[in-house]
Amino acid sequence: MNKNASIVNHNRQKKVAVINDFSSFGRCSLAAALPIFSALKVQCCPVPTAVFTNHTGFEHFSWYDCSDKLDNYIADWKATGLEFSAIASGYLSSMLQLDFVEQFIKAFKKDATLIVVDPVMGDYGRLYPTFKDDVAKGLRRLLSFADILTPNLTEASILAGRKYDENLSDGELLALAEQLCEKNARGCVISGVPRADHLANFVFSKSDGPSVVTAPRIGRDRSGTGDVFSCVVTGELLRGKNLTQAVEKAAEFVTATIQRAVDMEIPLTDGLPFEETLSMLWS
Ligand code: PXL
């Protein structure tokens with residue numbers, strides 16, 4: 001018997017390789033991806049780019065950079081015969097990590113592999129504290145590889161080289177999304193765009209055109225929300241939903257989980273209490 005058979009021929013359950021950091025506290029990046037994909041019945045195979053004590057939204061944090069160890073994932077997983085239905089990238093903090101994402105995609109992408117790039121960089125028009133300008137600019141290279149992009153408005157503006165403006169009309173958001181999709185992507189979701197009394201998730205798909213999925217604005221923004229959102233969108237796409245349907249599910253899940261966070265008086269830094277709501281993703 002082929003001793004690798006159970007790994008190689010596991011066609012019934014989809015696998016997603018998630019290239020992101022592991023923040024041990026704060027319920028973001030891989031610590032969010034693992035439970036979210038599991039609840040969506042997709043096997044999450046984490047590739048940790050760095051290990052943080054907690055995310056950088058806290059006053060105190062430190063991290064171990066895994067950049068120079070990442071090549072082992074390509075070598076060992078190729079030798080093992082692993083294949084992925086999707087590859088998703090998130091927080092990347094060095095040029096080496098960016099190069100690695102490109103190499104990983106080149107090594108594992110097949111015709112049907114879905115490539116989702118969440119260009120995690122910042123919020124409110126500003127980069128996260130550890131984020132360097134060269135990496136922010138370098139992230140533009142991934143536009144040539146992505147099928148689907150899930151930036152927030154800050155990230156979309158930086159990628160497009162445009163000024164951050166919270167008051168963009170739907171027409172201006174469409175132009176921004178189209179610009180981001182010029183290189184390769186089939187679709188883009190600009191998430192959490194603030195509107196007078198709600199948030200808009202602006203969806204653009206080359207096949208279906210634009211749509212807007214709205215969500216109520218509940219309290220102030222919470223760390224990790226974008227990571228959870230991007231994972232649900234990816235998992236729902238793998239389940240055969242179209243981009244608008246996937247965003248509707250993600251918005252519904254995030255809204256319910258934020259409401260739970262408010263009810264439970266969870267601090268804004270501590271991420272979304274998805275332990276309470278994961279069952280919403282089972283069906
Ligand atoms: O949630 C995005 C994110 C991911 N990883 C790290 C972060 C942040 C946002 O602050 O600091 C390490």
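This is a predicted model: local features need pLDDT of at least 70, side-chain atom pairs count only at pLDDT 80 or more; totals for chains, interfaces and linings use all residues.
## Basis of the model

Local features are given only where pLDDT is at least 70 and side-chain atom pairs only at pLDDT 80 or more, whereas totals for chains, interfaces and linings use all residues. Residues are numbered from 1 along each chain as its sequence is written, and side-chain values use heavy atoms, with hydrogens and water left out.

## Ligand site

The ligand is surrounded by D21, S23, C28, S29, F52, H55, T56, Y91, V120, Y128, G224 and D227, where a residue is near if one of its heavy atoms lies within 4 Å. This shell divides into five nonpolar, five polar and two charged residues, with Tyr and Cys counted as nonpolar and Gly as polar.

Among the polar contacts (pairs of N or O atoms within 3.5 Å), the side chain of D21 places an N or O atom 2.7 Å from a nitrogen atom of the ligand. Ligand oxygen atoms lie 2.6 Å from an N or O atom in the side chain of T56 and 2.9 Å from a polar side-chain atom of D227. The protein covers 95% of the 310 Å² of accessible area that the ligand has on its own, as computed by the Shrake-Rupley method with a 1.4 Å probe.

## Sheet

Nine strands form an open sheet of mixed pairing, in the order β3-β2-β1-β4-β5-β8-β9-β10-β11; strands are DSSP runs of E with at least two residues, and two of them pair if DSSP finds at least two bridges between them. Because β3 (63-65) and β11 (209-216) stand at the edges with a single partner strand each, one side of each is left without a neighbour in the sheet.

Within the sheet, β4 (residues 86-89) pairs with β5 (residues 114-117) in the parallel sense over four bridges, and V116 in β5 is the bridge partner of A88.

Terms used
A polar contact is a pair of N or O atoms within 3.5 Å; within protein, one must be able to donate a hydrogen and the other to accept it, and residues adjacent in sequence count only if both atoms are side-chain atoms.
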